[in-house]
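Trainee: I would like to learn how to read pockets and aromatic pairs in a model. Where do we begin?

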Amino acid sequence: MSLDTLRALQLADSGFPSGAFAYSWGMETAAENGRLDRAGFGPWLAVEMLGRWAQFDRVVLADAHRADDELLVDARTDRLFMAEPLRARSAEAGQAFLSATARLGDPVAVRFRGAVLDGEAAGHLPVAQGAVFRSMGLELAPALAVSAHAAAQGLAGAAVRLGLVGALEAQGILRDLQPEFAPFTAPPLLGTLPASFAPISEIAMMRPGDGRLFAN
């Protein structure tokens, strides 16, 4: 087994303190308002992975992985969010990821986190992932696979904690959906622009909720 594979497994593990676990990305509020139930989790996961991650996070991560200056990618990304809560959560999750990887001694994470603390960057999660995964030696394709796995597992874990589905059921839904988003772990073409269409979750994130389990 190669070192790159071992690093990818470590970064994709749910025990890695990425920060994303603290958010339901709109699921909690949608469930409270009767807009999401057990039967709806599979379609919800599909929209989040194919409509948001594959079209937005994947493209931004690739841009940051390829860039000489990830701060420029971060500044551009910060202007692309239509929903303010989603912009804020992306930055918070990215900052948590940078904090963890900086404490592990990654030099790019240390520099990027310093820029965030100085108010020079927002530190969005896919930008942070792209820059730090490159610094850690991951090629772009494995970096995208790690990001996809972490995003899908984070949503599945949130659904379990909300009581929408059981743990085994969530993994079955994730397994059945993997063939649909697996092709998107291939790097996007240079010049691909970020896009996103996940309106239900964005509307849910903009609505006030009790937030009993999650930050949003």
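**Pocket lining and aromatic pairs**

Mentor: This is a predicted model.

Trainee: How many residues line the largest pocket, and which lie nearest its centre?

Mentor: The lining has 42 residues, and W25, R52, D57, L125 and A151 are those nearest the centre. The volume of this pocket is about 870 Å³.

Trainee: Which helix supplies the largest share of the lining?

Mentor: Helix α8 does, with nine residues. At least two lining residues come from each of α1 (3-12), α3, α5, α7, α8 (140-161) and α10 (199-206).

Trainee: How many aromatic pairs does a search of the whole structure find?

Mentor: Two. To read a pair, take the angle between the ring planes: under 30 degrees is stacked, over 60 is edge-to-face, and the rest are tilted. F56 and F81 are 5.2 Å apart centre to centre with 55° between the planes, a tilted pair. F56 belongs to helix α3 (residues 41-66) and F81 to the loop between α4 (70-78) and α5 (84-103), 25 residues apart.

Trainee: Are F56 and F81 buried or exposed?

Mentor: Buried means under 20% relative accessible area. F56 has 7% and F81 has 16%, so F56 is buried and F81 is buried.

Trainee: What kind of pair do F97 and F133 form?

Mentor: An edge-to-face pair, with 5.7 Å centre to centre and 90° between the planes. Because F97 lies in helix α5 and F133 in helix α7 (residues 125-135), the pair ties together parts 36 residues apart in sequence. Both F97 and F133 are buried.

Definitions and conventions: Residues are numbered from 1 along each chain as its sequence is written. This is a predicted model: local features need pLDDT of at least 70, side-chain atom pairs count only at pLDDT 80 or more; totals for chains, interfaces and linings use all residues. Side-chain values use heavy atoms; hydrogens and water are left out. Rings of Phe, Tyr and Trp (its six-membered ring) pair if their centres lie within 6.5 Å; planes under 30 degrees apart count as stacked, over 60 as edge-to-face and the rest as tilted. Helices (H or I, at least four residues) and strands (E, at least two) are DSSP runs, numbered from the N terminus. Buried means under 20% relative accessible area, exposed over 50%, partly exposed in between (1.4 Å probe, protein chains only). On a 1 Å grid over the protein atoms alone, a cavity is a set of points where a 1.4 Å probe fits but cannot get out, and a pocket is an open set with protein on both sides within 12 Å along at least five of seven lines; lining residues have an atom within 4 Å of a point. Grid points are joined across faces, edges and corners, and a volume is the space filled by probe spheres set on the points.
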